[in-house]
Amino acid sequence: LLRVYSFKIEITEDEISYKTLFHKKKISLQEITKAEIKIGWDNPEDRKDPFHRLNIYSRSSDKPSIIIGIKPFSERDLVILTKIITTKVSSLTTNELFIKLARGDIKPIISEGRRKIWQIALLLLAIFLALAIFHALRR
């Protein structure tokens with residue numbers, strides 16, 4: 001319960017800050033070039049990040065400057081955050097999930113999360129079946 005209450009997003013006129021129990025990161029709105037909603041772990045380096053996240057990129061890096069785990073926040077809070085980013089950042093690059101969330105539609109994020117979880121479950125099932133067959137053939 002303490003961990004859920006330790007997440008905080010603060011938005012001022014010129015920056016966004018994200019606080020967790022262990023760290024605080026902030027980025028100037030002028031520095032933001034890209035913001036996208038990502039779900040799952042498509043790359044091995046993503047595995048340390050939250051399953052559902054908002055990646056915010058700055059001009060100075062190809063990697064996200066801030067990675068916000070979106071699960072602890074309400075739909076309303078996320079819509080407000082994405083709308084603020086959309087309106088205050090000129091020449092912003094986004095993905096479709098981000099655009100839909102900024103319009104108030106969270107259903108595509110939920111659907112994509114379910115799809116990714118099913119992919120992982122089916123992959124694990126295939127691995128366990130392959131191991132069982134391998135083990136049975138060794139006898």
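This is a predicted model: local features need pLDDT of at least 70, side-chain atom pairs count only at pLDDT 80 or more; totals for chains, interfaces and linings use all residues.
1. Ground rules. Local features need pLDDT of at least 70, side-chain atom pairs count only at pLDDT 80 or more, and totals for chains, interfaces and linings use all residues. Residues are numbered from 1 along each chain as its sequence is written, and side-chain values use heavy atoms, with hydrogens and water left out.

2. Strands β2 (residues 15-19) and β3 (residues 24-28) run antiparallel, joined by five bridges. Strands here are DSSP runs of E, at least two residues, numbered from the N terminus. Two of them pair if DSSP finds at least two bridges between them. Four residues separate β2 from β3 in the hairpin. Y18 faces K25 of β3.

3. Aromatic pairs. The count is three. Rings of Phe, Tyr and Trp (its six-membered ring) pair if their centres lie within 6.5 Å; planes under 30 degrees apart are stacked, over 60 edge-to-face, the rest tilted. W41 and F51 pair edge-to-face, at 4.8 Å centre to centre and 75° between the planes. Both sit in the loop between β4 (32-39) and β5 (52-58), ten residues apart.

4. Exposure of that pair. W41 is partly exposed, at 32% relative accessible area. F51 is buried, at 13%. The cut-offs: buried is under 20%, exposed over 50%, partly exposed in between (1.4 Å probe, protein chains only).

5. The cluster. F7, Y18 and F73 make up one aromatic cluster.

6. Charge over a ring. K34 lies over the face of Y57, 4.9 Å from the ring centre. The rule asks for NZ of Lys or CZ of Arg within 6 Å of the ring centre and within 35 degrees of the ring normal.
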